[in-house]
Structures are given as C-alpha cells and as structure tokens.
Amino acid sequence: MASAALPIPEPGPVPAPAPAPGIGPAPAPVPGPAPGIGSAVGTGGPGPAVGFGAGLLVVQPLRRKHCAGCRRGPLSMLVLEDAAPRCLDCADLGHLVYLPRGDTALTRRSREESGLSVVVVRFNRRKGRYEREGVLVEEAALARAEERCLADAEARRRRRARDARLRSAQDAHFAELFAAEILRLFPGCPADRARGIAAHASLRGSGRVGRSAAGRALSEAAVVFAVRASVRHVDTPYDRLLMSGVPRYEARRLIAADVETLIRTWGEDRDARTARDGTAA
Ligand SMILES: [Zn+2]
C-alpha cells in the first residue's frame, strides 16, 4: 500500500513566504517608522508607509479584516495601530470622506483645505508595492476644493469667451479699416462691395491676403491684390473659363483687360470721373 508510506499530517503546500494575513504583504518599513504602521501582527512584512511620507496612513486591505477595537468588519479601510487593524471610527478618522485619486487639482486642493488628511493605499500584488488609491479629507474641505475647481473651470470658460469676443471685434475692426482703405484707393468701388471684399479678405484663419502680414499692415499692394482678385472672380468670366477647362494663365490673359478697366474705373477719383463723364457727355 503505497499510500501508507505517506506521513499522515501532510504539511500541505507551503504558504507563500509570509503574505500578510489580510492587509497585503504589509507595508514596507519606513525610515523613521510611521506611527501605527509597522509590521502588523502576522503580516510578516514591511509596513506600507514607504513613499507616502510619515504620518497617518489608511490601508485598503486585500483580505477580510475586522476592527481590533469594535470588531466591526470586514473593513474596506483600516488603520494599523500597534500592529492591529482598526476601523476609521475607532481610529478617529470616521469624519473624513474618501476622495479617490484621479483628479490631481481636486486632490491637491482638498488636502490644502483639510486640517486633517490621510493618504489611502492598497497593496498591488503584481507590482509588489503599495500604491496610493486616494485620500481621506474633511467633507467641508472637499466641498471648498470642488468650488475652487469649478470656479477655475468657469474662469477659463469666461476667459475663452472674452478672447473670442475680442478676436471677433478685432476682426470686425480690421475689416472696417480694410474697407476704408479699399475706398480710399478705389473711390469708385461701391461701398458694400468694398465691405464684402474686406470681410472676405480678412476672414480669420483663411490665409487670405487680409490675414497676411502685409494685409494686416494694410499695405497698398495687399489692398490692390484683394480688390483685383475680387474683380477677377466676380466681374469677369474668369471662374467660368477655369471651369470649362481653360488653363489658368490663358484665362487670366483673356480677362486681363476687363479687370484693368474696372480697376481703373474704381480707382478714379469720383470728382475726376464726374468731370470726365460730364465732359464726355
Ligand atoms: Zn472599530
């Protein structure tokens, strides 16, 4: 009987080298032991405080743990006090609210606002270390921090709206100047046409001449260029020629005279034209 050879009280599979009975392999030792956290009874491991600074630390246990004081449990969060788990109420932390990590600004501000705040950690088995899961802060502190964050978001929204209004006012102002300059150079150009050319040429982000450095400086060349382009597209069959397959340079040659005629007409001083028309008439 082969089985008889086996010792009866088989020791069973050797448990992994001292995993903490419930908290995680127990928090790493801290230079300058954090109060209340060292090696917990039976955890056989280091305390969780490494990297989280000295002071209070709350642990989210991996296993079911009950409070050594009031026996409540299993606990979702606990404090190790003299190596024994205690619930937050027994540890006088019951008045704090839990803020999971994720919103850096909210976390930072909550801790700033909170007279008492405690980092909450949990052991990550895969990585073999404790990781910060969140913080416990005073409820009023969290509310104030949320208000500050909301105020920030609101302030940013208002600033964006202000910037947009400013930009569109600048655009409108620029288009006005552009139109005025068109009319100065081309007094014969109908005013609404001048406004249309200016608006088209100064559309923000269009990359059109009105937005170029020369256009912004309202150089005469830029204004003439915009007017000429408008005349070409609006007052001549240029676009139709292009659509019907006439090469661009050929189309330009075909309409050049029309463009120059209208440009010259618009460019003439009103009085001169009136005088000339009058003379001609
Ligand atoms: Zn308790």
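The model is predicted: local features need pLDDT of at least 70, side-chain atom pairs count only at pLDDT 80 or more, and totals for chains, interfaces and linings use all residues. Residues are numbered from 1 along each chain as its sequence is written.

**Stop 1: the largest core.** Select Val58, Leu78, Val118 and Val120. These have the most contacts inside the largest nonpolar core, which has 28 residues. Such a core is a set of buried Ala, Val, Leu, Ile, Met, Phe, Trp, Tyr and Cys residues joined through C-beta atoms within 7 Å. Buried means that 20 or more other C-beta atoms, placed from the backbone, lie within 10 Å of a residue's own.

Helices (H or I, at least four residues) and strands (E, at least two) are DSSP runs, numbered from the N terminus. The largest share, five residues, comes from β5.

**Stop 2: Val120.** Centre on Val120. Its contacts (C-beta atoms, placed from the backbone, within 7 Å) include Val58, Tyr98 and Val135, not counting residues up to four places away in sequence.

**Stop 3: the second core.** Select Ala175, Ala198, Val227 and Ile263. They belong to a second, separate core of 19 residues.

**Stop 4: two helices.** Show α1 (residues 104–113) with α2. Their axes come within 8 Å and cross at roughly 135°. Axes are lines fitted to C-alpha atoms over the stretch in contact, with angles from 0 to 180 degrees between N-to-C directions. Select Ala105 and Leu106 of α1, then Ala141 and Leu142 of α2: they are among the residues making the contact.

Technical notes: A residue is buried if 20 or more other C-beta atoms lie within 10 Å of its own, exposed if 12 or fewer, and partly exposed in between; C-beta atoms are placed from the backbone. Two residues are in contact if their C-beta atoms, placed from the backbone, lie within 7 Å.
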